[in-house]
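Trainee: I would like to learn how to read a two-chain model. Please take me through it feature by feature.

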Amino acid sequence: MKDFSKKIAETIKKDHIVPDSKWKTHWRNYAFWLAFSLMILLGAVFFSLVILNVTDFGSELARQLKLRKFLFLVFVTMPYLWLILFLITVFSGFMIFRKTKRGYRYNVLFISGIIVLAIAILGSLAHFSKINSHLEKGVPGSDKFVRPAEGRWQRPEDGLLGGEIIKVESAELFVIKTRKGEDWKVFYSDETEVKRKIKIEEGWRVGIVGEKKEEYIFEAFMIIQPPFKNEPRVKGENKERLECLPDGCRRMVQ
Amino acid sequence: MKKPLNELTDNELVELSKENPDVFEELVLRYQNRLFYYIKRISYFGDEDIEDIIQEIFIKVYRNLNSFDGDLTFSTWVYQISRNATIDAIRKKQVRPQSVRLKEEDMIKIFKSNIDIKNEFETKEHLEEIKEIMANLPYKYKEVMILKFLEEKTYEEIMDIVQKSKGTVASLIARGRKMIIKEAEQKDLLIN
């Protein structure tokens with residue numbers, strides 16, 4: 001085999017080849033790390049939204065419903081959008097990590113584990129610091145988008161109905177307007193469990209666990225605060241907010 | 001007093017080469033032969049093609065000296081670059097990597113490293129069968145076996161050269177070994 005050493009040194013000198021700068025040789029790796037960090041942050045946001053939607057059920061509702069029904073509702077109203085986006089970020093994070101300079105050294109299980117752990121920790125922090133709740137407040141019209149689980153309260157066939165009381169007919173009957181714009185007559189009695197913060201008055205938003213009797217007629221077993229209790233709403237020109245304090249809830253005009 | 005170049009470590013030569021291309025000559029001298037035979041083993045190229053590839057590799061190594069951070073040894077790093085450059089060259093020439101042609105002694109060395117064959121006489125007697133077994137071994141197994149048994153690299157070095165996890169490397173070697181043993185059993189080359 002020929003000796004190239006002299007020839008290579010000559011080529012380097014003749015063509016004025018110089019070693020590329022550190023930045024130039026490393027930029028790809030920096031870009032991958034940046035993309036990886038973004039994926040972790042995005043994944044944490046999606047994960048916190050999954051937590052937000054799953055915890056929307058609340059322990060009261062879980063106790064009221066039979067286990068089978070509760071599990072069924074969890075399954076059908078699972079925040080699949082966030083779950084899918086969360087899984088996409090885990091997968092993308094994995095692929096990007098593999099492209100980093102020494103990403104090949106680690107096996108699939110290790111990388112996936114680290115990514116899921118990082119996302120779970122950051123996502124939980126985002127949940128406990130209520131960053132996920134602020135997301136829906138910060139983005140106009142995002143309530144349905146951020147909380148797809150609100151749709152749980154639009155399932156009268158499964159015993160869940162939610163909306164705003166628009167008329168109190170008597171001590172046993174009131175009418176609510178659901179998010180879909182339907183008016184439902186709701187019958188209740190002394191046996192109906194009304195959570196202490198709730199008042200059966202116009203303007204209150206309620207979640208009702210009960211039974212559908214006929215089309216637009218519902219019997220309430222339990223009335224609770226639904227997860228959308230504090231949403232601002234527009235009435236004419238005024239924005240109204242329902243504010244709940246320990247002594248009860250009031251509508252506040254902003 | 002300055003040490004002569006041939007007494008300097010690879011890392012010291014890398015640092016000096018950044019300022020003085022003449023120092024780089026020493027690194028080329030140290031590695032050109034090893035890389036020549038390595039590329040010959042993992043490709044189907046003739047000597048002239050390999051010489052061209054090697055020159056390109058060393059120019060690439062020089063350009064990328066600043067990305068050598070000591071995380072790998074220089075040897076592993078240069079093998080990694082050589083492997084990638086060879087695979088690129090194979091793709092460009094559209095030569096299937098499966099068509100690697102190993103020398104007889106290399107084939108026997110890999111074969112013997114994996115199984116216990118009867119004796120030297122029978123090795124020669126069964127040369128054609130051994131050649132057939134090695135020729136049928138898929139490229140991905142052959143590549144790691146070449147690094148392990150011919151280039152005598154450790155698992156960690158192979159992992160960095162082929163850029164696969166250590167577990168994957170170990171499993172490729174183990175599977176390759178199983179394939180060789182199975183074939184050898186079928187051809188009655190094993191001691192029972």
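**Reading the model**

Mentor: Start in a loop: A:Lys130 sits between helix H6 (108–128) and helix H7 (131–138) of chain A. Helices (H or I, at least four residues) and strands (E, at least two) are DSSP runs, numbered from the N terminus. This is a predicted model: local features need pLDDT of at least 70, side-chain atom pairs count only at pLDDT 80 or more, and totals for chains, interfaces and linings use all residues. Residues are numbered from 1 along each chain as its sequence is written, and chains are lettered from A and ligands numbered from 1 in the order in which they are written.

Trainee: Does a cut-off define burial, and does A:Lys130 count as buried or exposed?

Mentor: Count C-beta atoms, placed from the backbone, within 10 Å of the residue's own: 20 or more others is buried, 12 or fewer is exposed, and in between is partly exposed. A:Lys130 counts as exposed because it has 12 C-beta neighbours inside 10 Å. B:Glu152 has 8 such neighbours inside 10 Å, so B:Glu152 counts as exposed. Now take A:Leu73, in helix H4 (residues 67–76) of chain A. A:Leu73 has 20 C-beta neighbours inside 10 Å and therefore counts as buried. Of the 254 residues of chain A, 27% count as buried.

Trainee: How far apart are A:Leu73 and A:Asp158, in sequence and in space?

Mentor: They are 85 residues apart in sequence and 8.2 Å apart in space, C-alpha to C-alpha. B:Arg175 is in helix H10 of chain B. It counts as partly exposed because it has 14 C-beta neighbours inside 10 Å.

Trainee: What about the overall make-up of chain A?

Mentor: Chain A has eight helices and ten strands. Next, contacts: two residues are in contact if their C-beta atoms, placed from the backbone, lie within 7 Å. Among contacts in chain A between residues at least 6 apart in sequence, 62% join residues at least 24 apart.

Trainee: How do I read helix packing, and at what angle do H8 and H10 of chain B pack?

Mentor: Under 35 degrees is roughly parallel, over 145 roughly antiparallel, 65 to 115 roughly perpendicular, and the rest oblique. Helix H8 (residues 139–150) and helix H10 (residues 166–186) of chain B pack at about 105 degrees, with axes 9 Å apart. H8(B) and H10(B) are therefore roughly perpendicular. Residues in this contact include B:Tyr141 and B:Val144 of H8(B), and B:Leu172 and B:Arg175 of H10(B).

Trainee: Which helices pack across the two chains?

Mentor: One pair is helix H1 (residues 5–14) of chain A and H3(B), at about 50 degrees with axes 10 Å apart. That angle makes H1(A) oblique to H3(B). A:Ile8, A:Thr11 and A:Ile12 in H1(A) meet B:Gln55, B:Phe58, B:Ile59 and B:Tyr62 in H3(B).

Trainee: How many residues form the whole interface?

Mentor: 26 residues of chain B are in contact with 21 residues of chain A. Helix H2 (21–42) and helix H3 (47–63) of chain B each supply at least two residues of the side that touches chain A. H2(B) gives the most, with nine residues.

Note on methods:
Axes fitted to C-alpha atoms, helices over the stretch in contact; angles between N-to-C directions.
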